[in-house]
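Open the model in your viewer and keep the selection tool at hand. We will walk through it one stop at a time.

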Amino acid sequence: MPVVEPEAYLAVASRFENIELVQAVVEDLLQRLELGDDDRHWIGLAVREAVANAIKHGNGGDPQKQVEVEVRIDAGDVEVSVRDEGKGFDPSSVADPLAPENLLRPGGRGIFYMRSLMDKVEYRFGAQGGTEVVLRKRIKSAAAPRAEEETRS
Amino acid sequence: MNIRQRQVGDVTVLDVTGKITIGVGDVAIKDAVQVALGGGARDILLNLQGVTTIDSAGVGELVSAYTSVAHRGGKLKLVGLPPKVNDILQITQLITVFEVYDDEASAVASFK
């Protein structure tokens, strides 16, 4: 299986204001793919949730710890992976936010957001620590941003 | 994000514009509702017409605001949901919790 090089790689300090930076980069890439406003908005929002979780829960808000983000465009899929330096967690232990007893809880909707807005959400846990969440969504217009340049060369 | 408070009869209206998102917008909603309650407000109408994005933290703050107002014996209702905010409330099923109105006059009248 060919390795797909990332279109973008970012490493940001664990500060909430950096969520805006990551979202801006991801949405700019998606705009080059000529995705519609709605797709851009929902993918951007899912990425925000992943980065927010990495900053808040993974890295405990410690700005010395980094969040790494990679964006790949592969055969009609957008794939965004977000890695933190945390200890990991058990995704199956997260309560269902749609359960009647949880509906009025202020927190606990981040993973649900991602799963609702993307086609596939996977968690990977490193042997040395760190959590990676991989978000995938099939898109209609998936011409690689560099396609035009490659055709010219 | 920006929040402007105004009074329409007995109802305190909070006009919210921009992003209700983690770090800034979610705290601003909490603060605005607490200030309104502290100033004697009982019934609060959140006008979300100018909201562009709401993340899970923002949704959480709407829920917190709803329960804070309810605990004081008042009601918190929503008006002017942009389509993307409406979609989020549908997905999270919070549309079944909040009373939502299309126009301000109907929303204000509903508190009576």
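Begin by selecting A:Arg32, which belongs to helix H1 (residues 17-32) of chain A; helices here are DSSP runs of H or I with at least four residues, strands are E runs of at least two, and both are numbered from the N terminus.

A word on the model before moving on. It is predicted, so local features need pLDDT of at least 70 and side-chain atom pairs count only at pLDDT 80 or more, while totals for chains, interfaces and linings use all residues. Residues are numbered from 1 along each chain as its sequence is written, with chains lettered from A and ligands numbered from 1 in the order in which they are written.

**The sheet of chain A**

Next, colour the strands of chain A. Five of them form an open sheet in the order S1-S2-S3-S5-S4, with antiparallel pairing (two strands pair if DSSP finds at least two bridges between them). Strand S1 (8-13) and strand S4 (120-125) of chain A are at the edges with a single partner strand each, so one side of each has no neighbour in the sheet. From one strand to the next, the twist averages 15 degrees.

Zoom in on S1(A) and strand S2 (residues 66-74) of chain A, which run antiparallel and are joined by six bridges. Here A:Ala8 stands opposite A:Val71 in S2(A). Bring H1(A) back into view: this helix packs on the sheet, touching S1, S2 and strand S3 (77-83) of chain A, and its direction makes about 170 degrees with that of S1(A). Such angles run from 0 to 180 degrees between N-to-C directions, and the axes are lines fitted to C-alpha atoms, for helices over the stretch in contact. Contact means that two residues have C-beta atoms, placed from the backbone, within 7 Å.

**Where the chains meet**

Show both chains. How many residues does each chain give to the contact? Chain A gives 18 and chain B gives 19. On the chain A side, H1, helix H2 (37-58) and helix H3 (110-117) give two or more residues each, and H2(A) has the largest share, with five residues.

Now select H3(A), where A:Gly110, A:Phe112, A:Tyr113, A:Met114 and A:Leu117 are buried. What do the buried residues of H3(A) pack against? Their partners are H2, S4 and strand S5 (131-138) of chain A, together with H2 of chain B.

**Over to chain B**

Select strand S3 (residues 43-54) and strand S4 (residues 76-79) of chain B, a parallel pair with four bridges. B:Asn47 has B:Val79 in S4(B) as its bridge partner. S4(B) also pairs in the parallel sense with strand S5 (residues 100-101) of chain B, over two bridges, and there B:Val79 is partnered by B:Tyr101.

For the last stop, pick B:Ile44. Leaving aside neighbours within four places in sequence, B:Ile44 is in contact with B:Thr12, B:Leu14, B:Val33, B:Ala36, B:Val69, B:Gly74 and B:Leu76.

Note on methods. A residue is buried if 20 or more other C-beta atoms lie within 10 Å of its own, exposed if 12 or fewer, and partly exposed in between; C-beta atoms are placed from the backbone.
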